[in-house]
Amino acid sequence: MNYPKTAAGTATLIALAVAAGSVATSASASAEAPAAIGATVAVAAARASAARPPIVYDPIPFGAKRKNQMAAYAQRHYGVYTSSFGIPKQVILHYTVSPTYSSTWNWMAANAAAGGNAGTKKEKPGACTHFVIAKNGTIYQLAPLDVMCRHVVGLNNQAIGIEFVEMKSARNILRRKKQVAAGRALVRWLQSEYGIAKRDVIGHAMANKSRFFYDRLGWFNDHDDWPTSHVKIFRRGIL
Ligand SMILES: [Zn+2]
């Protein structure tokens, strides 16, 4: 676990799961557990038991300067000067519109100023997501989970971002078995770590309607990656 604080109750849920003898040993088994057992405690046990998938830690530069830029961004947009991430409440799915993992890493490492919706002023820090999933299913982590990454308007202080390498449509990701399986395994683990509900795993295209959406400057998202119809298919494999 990368995050220094444990989500409230996680330890209890794990203890319950152990006591019940129902800790699933694989992510796929845990995803199927709720249907098999059905009680509240059983669902909690399934959440607590989702296995951490293999993750390659490949950090982009995120030193004091970029953290200060993130904190200043958070001040402008959320009213709180901090680059620290609290307990995440949502997961936002994206795709890169960049052809490879390495081109995506370079883009995120470059820390180039970016705007919000069309016509807004470009600001630093540059975009990043905590995770990027390559077409072959390798999961990379580019930033620690205790810092905010800027990947979505209105939710950077609430949401973990996951980018899938893809140029045109989430439909193509759903067709790549290894890539979508890795994405679902990662999301299941994040759900179990932080108690994130299925409805809070959303696409970038859905972000403006999130119940947590907030931007003090009136910015909004104008990206259409991962619309609802594709996210609903993705959700079939999560908790
Ligand atoms: Zn996006």
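From the N terminus on, the elements of this protein run α-α-α-β-α-β-α-β-β-β-α-α-β-α. That makes eight helices and six strands, where helices (H or I, at least four residues) and strands (E, at least two) are DSSP runs, numbered from the N terminus. Residues are numbered from 1 along each chain as its sequence is written. The model is predicted, so local features need pLDDT of at least 70, side-chain atom pairs count only at pLDDT 80 or more, and totals for chains, interfaces and linings use all residues.

Of the 239 residues in the protein, 40% are buried. Buried means 20 or more other C-beta atoms within 10 Å of the residue's own; exposed means 12 or fewer, partly exposed is in between, and C-beta atoms are placed from the backbone.

Now helix α7, residues 177-194. Why is α7 largely enclosed by the rest of the structure? Because 15 of its 18 residues are buried. The expected span, 1.5 Å times one less than the number of residues, is 26 Å for α7, and the end C-alpha atoms are 26 Å apart, which agrees. After α7 comes Gly-195, with a positive phi near 65°.

Last, Trp-226. Where is Trp-226 placed? Trp-226 sits in the loop between β6 (201-203) and α8 (228-235). Trp-226 counts as buried because it has 26 C-beta neighbours inside 10 Å. Leaving out residues up to four places away in sequence, Trp-226 touches Leu-93, His-94, Tyr-95, Ala-170, Gly-203, His-204, Ala-205 and Val-231; contact means C-beta atoms, placed from the backbone, within 7 Å. Ile-173 is 53 residues from Trp-226 along the chain, and their C-alpha atoms are separated by 10.0 Å.

Notes:
Contact = placed C-beta atoms within 7 Å.
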